[in-house]
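Reader: I am new to this structure. Could you take me through the terms used for it, one by one?

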Amino acid sequence: MAIPVETFFLKPDAQGTLQAQIQQMIAEGILSGRLRRGEKLPSSRKLAAHLGVSRITVTLAYTELQASDYLAARDRSGYFVSENAPEPLPEPELPAAAEAVDWDKALSRQITSSVVPGRPSDWARYRYPFVYGQADPALFDHAHWRLCAIQALGQKDFTALTTDYYDQDDPELVEFILRHSLPRRGIMARPEEVLVTMGAQNALWLAAQVLLGPGRRAVMENPSYPPLKDTLAQIDCDVTAVDVDAEGLPPAALPEACNVIFTTPSHQCPTSATMPRPRREALLAAARARNALVVEDDYEFEMSFLSPPSPALKSLDGDGRVIYVGSFSKVLFPGLRLGYLVGPEPFIRQARALRANVLRHPPGHIQRTAAYFLRLGHYDAQIKRMSRLLAERRAVMQAALLDHGLTIAGSGTFGGSSFWMKAPEGVDMEQVRQQLQADSVLIESGDRFFTGAQAPRNHYRLAYSSIPSDRIAEGVARIAQAIADVSA
């Protein structure tokens, strides 16, 4: 790769001849690591024109650097940083820059984030990764995704690749959502009622921004999805956290005055509880009585390998008060960041305008690649493959948990990818998590899911989507031992 000529410049206060200055400039670039071995330098003609010096001056500087083994010449190819060039020097420790700005006063607010749950970025190198929501290479169809991505780069899809959609979405992806994804959940909608988002989290953020503000009250589940807690904390609104039970969010516990209810009825996050139909109908009645809207996060409904999933809450909504959040990231891969909102046209119109102000629209190439992957049947095939492997892993994990006497506090009735666990009272699972990480075991402590100063510390989540079946039993044994050591 050729080094851009624009990256070279002479210091105005440099000493010595122009030739010496050029030699020093290039040598410093190599020693700092900015110029790397094997990279091609600009031609002597281009560099001379850029620096405003004679070509012979640059040529002589290159020749001297070649003699010092900083550069190597290749016939009819030019000069390159030599493979024998000195190693870059270690970066010096620089003193902290003087701050003239009082950032405590300059920032309008302090923003917190629960997106990073204490999981190391190199989680895949750990022997027993019970981590949630990460891509397992054994579960993903790399070959067909790559082919779909190449197809989306073709001349036929040039418009989809390069067009600025402004506030619109790829019509092929929207059509698949309308004709395939939503009918599976008992939902019928029009294109004007669908908005593609950068994942479910972005969908929840858009909904909260559009629907909430000063003087409005939101209801969220406790425990619940941590990024939702962060989103609501950043909006100037009142928030009430309602404790869930074995059937999810209890309508009778809702405050009399509320505007927006956030819920995960099909697969409560993180307890995995499924809300039965009578309670769903009661929740809709309670929302109607309060003139409240309901935001339904329908995550993991595709992973229903034990029994068919319950119909979506929105499919029972006759008032148009339920806003539906779906995502492709859980089944495909989390880095895809592709989800969607479904709701009444006036709401979608406002959410679309807000999205356009922030990011216009998700990248066209990603949308078209996903549309091909979905439309050609690869998505459904992947769901079947994932369901089979997850069912196997779940059975192995459940047996291991029972063998070691660990308490399952919640598990999905239709499937899913994790168990919600509870350790004995007094056990701090964040402390256990840190100890286990040193033993090559990764778990997720549960305190971050709860709201309030008295959040319990003895819950944790174990996912089986990122760990092979043959490692589960040993990993569970190590978890049980760590908990026993702390409990003793």
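Author: This is a predicted model, where local features need pLDDT of at least 70, side-chain atom pairs count only at pLDDT 80 or more, and totals for chains, interfaces and linings use all residues. Residues are numbered from 1 along each chain as its sequence is written, and side-chain values use heavy atoms, with hydrogens and water left out.

Reader: What makes β8 and β9 a pair?

Author: Strands are DSSP runs of E with at least two residues, helices are runs of H or I with at least four, and both are numbered from the N terminus. Two strands pair if DSSP finds at least two bridges between them. β8 (residues 293-297) and β9 have 4 bridges, in the parallel sense, so they pair. Glu296 has Tyr324 of β9 as its bridge partner.

Reader: How does β9 run relative to β10, parallel or antiparallel?

Author: Antiparallel, over 4 bridges to β10 (residues 339-342). Gly326 stands opposite Tyr340 there.

Reader: Why are β11 and β14 at the edges of their sheet?

Author: The sheet is open, with 4 antiparallel strands in the order β11-β12-β15-β14. β11 (407-411) and β14 (444-445) each have a single partner strand, so one side of each lacks a neighbour in the sheet. β11 joins β12 (residues 418-422) through 4 bridges. Gly410 faces Trp420 in that pairing. Helix α13 (residues 378-403) packs on the sheet, touching β11, β12 and β15 (459-463). Touching is contact: heavy atoms within 4.5 Å.

Reader: What makes a space a cavity?

Author: On a 1 Å grid over the protein atoms alone, a cavity is a set of points where a 1.4 Å probe fits but cannot get out; lining residues have an atom within 4 Å of a point. The structure holds 4 cavities of 30 Å³ or more.

Notes:
1 Å grid on protein atoms, 1.4 Å probe; cavity = no way out; pocket = protein on both sides within 12 Å on 5 of 7 lines; lining within 4 Å. Points joined across faces, edges and corners; volume = space filled by probe spheres on them. Axes fitted to C-alpha atoms, helices over the stretch in contact; angles between N-to-C directions.
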